[in-house]
Amino acid sequence: MVNQITSSHSTLRSSDSTQPDRIAKQQPVVAVAKVSEKQPKQQQQHSSLGGKNRSLLVKTSEAHRQAAQAQSAQKALQEAGELLGQLRQMARRSLNTQENKKDQLQQSLHQMKNKLVKLTREAKYEGEPVLHHDLTPRISEQPQQEGFSMKGLRLNTLRQQDEILRFQFDSGAPNSVRARIDNDESIDEIADKLNQAFAPRNIQVEVDKYGDLAFSVPKEQWPEIKKGIWMSGGGQILPAGNPVKAKLEPKDKNAVEPQELEFGKPQSTRKALADIERMMQKIQQALTQMNKVQRQVSLDLEQLMSTNMMKSGVVSSDGVIEASWLEAPGNVSLQLIDNAVPTLLAQANASRHNVVALLEP
């Protein structure tokens, strides 16, 4: 069973001072009698991390958002691992169950599979899915591509004339694209033409090391693309007349997803069991990856706070807030004690998701 991975509360200090109304009401925030002179607002937007002129608040909020997204993905992966474990047990039982007693077990397998497929669509963070169709984590800072080949393109034949290639999609928009291929164009030039033609569908085309065309698409769009592409041409590269359906082969030949699991016959059940084992291994690897993301975010936050607290113009060397955007009540400013904010978050039992909400500008 996958162990629960929890994120630690990173130390937050002056970056949370952008929420004066909320912080001012809390203990252990201490009031001091003097407000230092405020600096121009544009100076407060400068931060030295990564050489980018972004405020400390924005960077802190982004780091916590990344950690919260990873935390949501972890939870979904753990649930997927539990469902796969149940599927494995039921599938093993079905192989040893008498034929006249299999109906109820088959129904349970089908329901469990549908629950797993539903999880890939409905496990979300801020309205966006956190899992891909194959149970790999979907993290915004780490976009993934799905590589595939398209069989049926005759690119090595002698071409006597130019040819217009047409591609129609069973799903998504636009539902068709076209490219004009000159009779003397090389494979690299053809790849460039097709890359431009497929751009509206976010499909990239290049020549691989073997001299063949290689296609790729953002991983989240692959389920829509693989529903079907129909091709037609002028009889040289592609057949003329009625479109023919392209054979799309994923680059990862061992790729498997919950939707493809079948338990109707002993042979398909044995294959499903092997696929389940692969998916469970993939989940373990993904959980390790998410754990690394959490640790890296914590390290980044520590570095952010230690290197930018004084440089960001939020707190002076004597601990007095100098941010021009802070509207202190009356003639009072706030001096943040070193561990004030982490104490408040601990008292509130705040999660990463709570932190993100707190840091919203």
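**Pockets, cores and a sheet**

Let me start with the second largest pocket: its lining divides into 4 nonpolar, 2 polar and 11 charged residues. Here Ala, Val, Leu, Ile, Met, Phe, Trp, Tyr, Cys and Pro count as nonpolar, Asp, Glu, Lys and Arg as charged, and the others, Gly among them, as polar.

A word on the source. This is a predicted model, where local features need pLDDT of at least 70, side-chain atom pairs count only at pLDDT 80 or more, and totals for chains, interfaces and linings use all residues. Residues are numbered from 1 along each chain as its sequence is written, and side-chain values use heavy atoms, with hydrogens and water left out.

Back to that pocket. A pocket is an open set of points on a 1 Å grid over the protein atoms alone, where a 1.4 Å probe fits, with protein on both sides within 12 Å along at least five of seven lines; lining residues have an atom within 4 Å of a point. Helix α7 gives the largest share, 3 residues. Helices (H or I, at least four residues) and strands (E, at least two) are DSSP runs, numbered from the N terminus.

Now the largest pocket. It holds about 740 Å³ of space. Its lining has 29 residues, with Ser 149, Asp 208, Asp 212, Leu 213 and Ala 214 nearest the centre. Strand β4 gives the most, 5 residues.

Next, the cores. A nonpolar core is a set of buried Ala, Val, Leu, Ile, Met, Phe, Trp, Tyr and Cys residues joined through side-chain atoms within 4.5 Å; buried means under 20% relative accessible area (1.4 Å probe, protein chains only). The largest core has 40 residues, and Leu 84, Leu 87, Leu 135, Phe 263 and Ile 276 touch the most other members. Helices α3 (56-95), α4 (102-122) and α7 (266-308) each supply at least two of its residues. A second, separate core has 28 residues, including Phe 148 and Leu 238.

Last, the sheet. Four strands form an open sheet, ordered β6-β5-β9-β10, with antiparallel pairing. Two strands pair if DSSP finds at least two bridges between them. β5 (163-169) and β9 (229-232) pair over 4 bridges.

Definitions and conventions:
Buried means under 20% relative accessible area, exposed over 50%, partly exposed in between (1.4 Å probe, protein chains only). Grid points are joined across faces, edges and corners, and a volume is the space filled by probe spheres set on the points.
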